[in-house]
Amino acid sequence: MRCYCCSSKPFNECCEPFIKGVKYPNTAEQLMRSRFSAYATAHYQYILETYTKEKQKDLSVEDLVQSAQGATWFALKVHPTLAANSIDSLIGNSLGSTEAGSIDSSVHANAKDEALTNAEPITEPNIKPISKPNTAVVEFTAYYFENKSMYQLHETSNFNIEDGKWRYHDGVLHDDCGKIKYGRNLPCVCGSNKKFKQCCSLKNH
């Protein structure tokens, strides 16, 4: 079965291992996708646990269940952003070209490994201290049905690294959120290459 997050991977190879706690997302986008899949499959404990600690204080599983009541989440579209999402790319971007050339591969590998486990500054001999990346931004549009109508939630989300793991902190909703009309003969928003009426529209029960 194709993953709920509309990636090209099966659910059991994409978001399910994250939701089950078998693996942890290496990027903010992976976390965002797995949170969407968790909403689609009603795994609210995972959603709660993947908030930052600051946000978890004011939330409960019951709150999340109530807020999602009546909604059927069925498709996700991730928008390209300039913000890097992976720890690998963020570490690379934090080094200037001169500095990067002066650091051997083992030092760089160590810095990357440390970034996976904490968010303190890295200091190596003979190089300028660098701050470890601990934030990322992901823009997405999530689609859902409620009361037989179609809605979209367009958000730019902020993610932080806490205890070596990506966590969702908060987001900014765009003006185009809300009820939408989508032609039944248009390509489905999930990217399946089928017509909407032959694909996700069938989930609107």
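Ala42 counts as partly exposed because its relative accessibility is 46%, where buried means under 20% relative accessible area, exposed over 50% and partly exposed in between (1.4 Å probe, protein chains only). In this predicted model, local features need pLDDT of at least 70 and side-chain atom pairs count only at pLDDT 80 or more, while totals for chains, interfaces and linings use all residues. Residues are numbered from 1 along each chain as its sequence is written, and side-chain values use heavy atoms, with hydrogens and water left out.

Ala42 sits in the loop between helix 2 and helix 3; helices (H or I, at least four residues) and strands (E, at least two) are DSSP runs numbered from the N terminus. Although Ala42 is not a glycine, its phi is positive, at about 60°. Most residues other than glycine have a negative phi. Cys6, also not a glycine, has a positive phi of about 70°. Cys6 belongs to the segment before helix 1 and counts as buried, because its relative accessibility is 15%.

Turning to the interior, a nonpolar core is a set of buried Ala, Val, Leu, Ile, Met, Phe, Trp, Tyr and Cys residues joined through side-chain atoms within 4.5 Å. The largest such core has 31 residues, and Cys15, Leu76, Phe159 and Trp166 have the most contacts inside it. Among the elements that each supply at least two residues of this core are helix 2 (28-40), strand 1 (72-79) and strand 3 (149-162). A second, separate core of 12 residues includes Cys6, Phe74, Cys188 and Val189.

Phe159 touches residues including Ala28, Leu31, Val138, Trp166 and Tyr168, not counting residues up to four places away in sequence; contact means heavy atoms within 4.5 Å.
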